[in-house]
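The sequence and structure come first.

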Amino acid sequence: MPSGFLRQTLTRLAARMALISAILVALLIALAAWALRDQIYQTFQDPGEPFQTYMPPPAANYADESGWYERGALDDPEQPAVFYVHGTTFSGGSHWNAPLDHADSVARIENSDLPNFAAPFRSTGALFVPRYRQAALYAFMNNREDGLAARIFAARDVRNAFDVFTDEIGDSRPFILAGTGQGGLHALNILMRRVDDDDELRARLVAAYLIETPVPLDLFEGPLADIPPCELAQSIRCVFSFASAGPNEDERIRILTERTASWRPDGGLEFVEGRGLLCVNPILGRRATDYAPARLHLGGVAADGFESGVAPAPIPAQTGAQCVDGILVTEEPRSPALRRPDRLAENYRLPPFNLFYEDIRMDAQHRLAAWREAATREANFVPDLAPPEEIEDAPVRPILDRDN
């Protein structure tokens, strides 16, 4: 074989090997990037500044309409009010807490969160949705002290909004407290810091709906001692909470049961691992470990982009659900519109649909009816008589004859 031909053959072979090697390296890099995509995404969302030196964006003015996404009309004095706290829509990057005018974040709240998660309560009462400086998604992905501080900071905004809300609705109107994701965490803080130790407020609470929010059971032995879980479908002045996952979503279940932080009795934040989680099955409307079959499911809704006041048609019989070790384990919905998308950091996000939209909507109405019935009975209660008082014997004094 001529030496020139051999050299050409070897050169071509070397070139092919180099190309194959380059392709393999590119594939390995792509696979590594895919496997570590959440970590890479997280890196780009880091504000790059400790929270202690961070200058937060300006706060909302809750005395003004600009401080609210919705501020319900209270024309009927007996109409209930609903205080709803939206979930996380701000990823981070430049702030630990979202500016109130961040365009993408606001659009996600108005186009996805409110139509899917606030709308089920609209038929029950006048809806109030405050703007607040939400903690960034990044704050929930790393659990650094800065991230915890950002959540505590956001909770303060929500408490301030709730104080204005309670002043505005007066001292007799019933109300529902609701929140989704991060919003549920802040609504839980309100229960602990504002409602539990206020007899008057607690009596007017219909129920608290903390959706996709892990709620530790130890809180019901401390700061929520007077606001129990919703044990029954007719329970009132109670907590309705669940965090859901599919049976094969091991990483999501691990995040919900181990890496999620919730409130401690003293008001700080602590991981939920080992604390037990409340799970109220939204299909059954009660705290139970019974399996709820899909035929009982009232309906989910994918309402992204729906305008305020437009009621989407629920899709019923989509999933069965069962509470297992504090997690609501759900079957894959039949409709693709009600399945989680494959997005970056999806395990930390709210889905762009509400799988239990109609179940929650009807539950709120049923509990309001139960609250009204209980309030009527309580108004007719005759207070207990005071214990009898002992009276000392008094001497009998004769009346003198007036003629003498």
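Which side chain meets that of Arg 252 in a salt bridge? The partner is Glu 212, at 3.4 Å from N to O. A salt bridge here is a side-chain nitrogen of Lys or Arg within 4 Å of a carboxyl oxygen of Asp or Glu.

The model is predicted: local features need pLDDT of at least 70, side-chain atom pairs count only at pLDDT 80 or more, and totals for chains, interfaces and linings use all residues. Residues are numbered from 1 along each chain as its sequence is written, and side-chain values use heavy atoms, with hydrogens and water left out.

**Salt bridges**

The count comes to 22 salt bridges. Side chains of opposite charge can pair when their charged atoms come close.

| Pair | N to O distance |
|---|---|
| Arg 194 and Asp 163 | 2.8 Å |
| Arg 252 and Glu 212 | 3.4 Å |
| Glu 231 and Arg 287 | 3.0 Å |

Arg 252 lies in helix α8 (residues 250–259), and Glu 212 in the loop between β5 (205–211) and β6 (239–242), so the pair links parts of the chain 40 residues apart. Helices (H or I, at least four residues) and strands (E, at least two) are DSSP runs, numbered from the N terminus. Both Arg 252 and Glu 212 are buried, meaning under 20% relative accessible area; exposed means over 50%, and partly exposed lies in between (1.4 Å probe, protein chains only).

Arg 194 forms its salt bridge with Asp 163. Arg 194 belongs to helix α6 (residues 182–195) and Asp 163 to helix α5 (residues 145–169), so the pair ties together parts 31 residues apart in sequence. Arg 194 is partly exposed at 23% relative accessible area, as is Asp 163 at 27%.

Glu 231 and Arg 287 also meet in a salt bridge. Glu 231 sits in the loop between β5 and β6 and Arg 287 in strand β11 (residues 286–287), so this pair ties together parts 56 residues apart in sequence. Glu 231 is partly exposed at 36%, and Arg 287 is partly exposed at 32%.

Asp 46, Arg 144 and Asp 146 are linked in a network of salt bridges.

Strand β12 (residues 321–324) pairs with strand β13 (residues 327–330) in the antiparallel sense over 4 bridges; pairing requires at least two DSSP bridges between two strands. Val 324 has Ile 327 in β13 as its bridge partner. The hairpin has 2 residues between the strands, and Asp 325 takes a positive phi near 50 degrees.

In a regular strand the side chains alternate between the two faces of the sheet. In β12, Ala 321 and Cys 323 form the covered face, while Gln 322 and Val 324 form the uncovered one.
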